[in-house]
Structures are given as structure tokens and as C-alpha cells.
Amino acid sequence: QVQLVESGGGLVQAGGSLRLSCAASGRTFRRYAMGWFRQAPGKEREFVADITWSGGSTYYADSVKGRFTISRDKSKNTMYLQMNSLKPEDTAVYSCANSPAPGAAFEFWGQGTQVTVSS
């Protein structure tokens, strides 16, 4: 069984920063890309950013471009999301996910971590 464990969430004031981590454990699994998604209360889950595991190519939602940075440490089997200049509208549960192949849907195996940005 694969586990993705998110951590690093919390309460921060607008303009502040947080760094989220997503640690993978369990059986070996195919990993083409990993991504961060978020879901605010009463809203649908939305894409935040993703990174190809091998080459490190990144892609961001327009709403976070220039403020968030996605990265990965292959030796630690961990992905990160550095979030700067946080806004109240960034408040959500952030989840990480895995895509096993190009074009394949992301698979969610974690519980998520809550990020709350106060104004």
C-alpha cells in the first residue's frame, strides 16, 4: 500500500509563508509526476502545481504563479511546496497526489494538511 503523508500546514497571517511536505512510503509505485491540489470549504478541489519526478519540470496554476514553488528531493522521496506571500484566499486543505504516467489521472492517497491564512 502506498501512503502520501502531507505536513507543514498551519495558521499564518496574510503575507506570511509556509512550507508543505509530502512524504511517500509503502510499496514501490510508478511515479511520473506529483502534484499539489487544494480544496477550500464549499468549493471543488483545484490544481495548484505539479512536478515531473525525473526531470523536475514544473507547472503552476495562475493563481499561485510567482508566489509558490514546488520541488522534490528524490533521495528523501519527498515533495515540497514553498508558499510565500500567502493570501486569505489560499486557505484550504492541501493534498498531494501522484500521476503514474503522462496524461494519467492523479491519485490521492493522503489525508491533506490544513492551511489557514488570516487577514
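How many bridges join β1 to strand β3? Six, and the two strands run antiparallel. Start the tour there.

**Before you click**

This is a predicted model, in which local features need pLDDT of at least 70 and side-chain atom pairs count only at pLDDT 80 or more, while totals for chains, interfaces and linings use all residues. Residues are numbered from 1 along each chain as its sequence is written, and side-chain values use heavy atoms, with hydrogens and water left out.

**Stop 1: the open sheet**

Select β1 (2–7) and β3 (18–26). Strands here are DSSP runs (E, at least two residues), numbered from the N terminus. Two strands pair if DSSP finds at least two bridges between them. Find Glu6, then look across to Cys22 in β3, which stands opposite.

The four strands form an open sheet in the order β1-β3-β8-β7, with antiparallel pairing. From one strand to the next, the twist averages 15° (axes are lines fitted to C-alpha atoms, and angles run from 0 to 180 degrees between N-to-C directions).

**Stop 2: strand β8**

Stay on β8. Six bridges join β3 to β8, and these strands run antiparallel. Pick Ser21: its bridge partner in β8 is Tyr80. On the β7 side, six bridges again make an antiparallel pairing. There, Ile70 has Leu81 as its bridge partner.

Follow the chain from β7 to β8. The two form a hairpin with four residues between them. Select Asn77 in the turn; its phi is positive, about 55°.

Is β8 enclosed or open? Five of its six residues are buried, so β8 is largely enclosed by the rest of the structure. Buried means under 20% relative accessible area, exposed over 50%, and partly exposed in between (1.4 Å probe, protein chains only).

**Stop 3: the nonpolar core**

Select Trp36, Met79, Leu81, Met83 and Tyr94. Of the 29 residues in the largest nonpolar core, these touch the most other members. A nonpolar core is a set of buried Ala, Val, Leu, Ile, Met, Phe, Trp, Tyr and Cys residues joined through side-chain atoms within 4.5 Å. The largest share, four residues, comes from β3.

Zoom in on Leu81. Not counting residues up to four places away in sequence, Leu81 touches several residues, among them Leu20, Trp36, Val48, Ile70 and Tyr94. Contact means heavy atoms within 4.5 Å.

Next, select Cys96, in strand β9. At 0% relative accessibility, Cys96 is buried. Beyond four places in sequence, its contacts include Glu6, Cys22, Met79 and Phe108. Two of these, Glu6 and Cys22, are the facing residues from Stop 1.

**Stop 4: the aromatic cluster**

Which residues form the aromatic cluster? Phe37, Phe47, Tyr59, Phe106 and Phe108 do. Rings of Phe, Tyr and Trp (its six-membered ring) pair if their centres lie within 6.5 Å; planes under 30 degrees apart count as stacked, over 60 as edge-to-face and the rest as tilted. The count comes to five aromatic pairs.

Show Phe37 and Phe47. This pair is edge-to-face, 5.6 Å centre to centre, with 80° between the planes. Phe37 is in β4 (33–39) and Phe47 in β5, ten residues apart. Phe37 is buried at 11% relative accessible area; Phe47 is partly exposed at 24%.

Step on to Tyr59. The ring centres of Phe47 and Tyr59 are 5.9 Å apart and the planes lie at 35°, so the pair is tilted. Tyr59 sits in β6, twelve residues from Phe47. Tyr59 is exposed, at 53%.

**Stop 5: charges over rings**

Select Arg45 and Phe108. The charged end of Arg45 sits over the ring of Phe108, 3.6 Å from its centre. The rule asks for NZ of Lys or CZ of Arg within 6 Å of the ring centre and within 35 degrees of the ring normal. Then try Arg31, whose charged end sits over the ring of Trp53, 4.0 Å from its centre.

**Last stop: Ser57**

End in the loop between β5 (46–52) and β6 (58–60), where Ser57 lies. Ser57 is partly exposed, at 47%. Leaving aside neighbours within four places in sequence, Ser57 contacts Asp50, Ile51 and Thr52.
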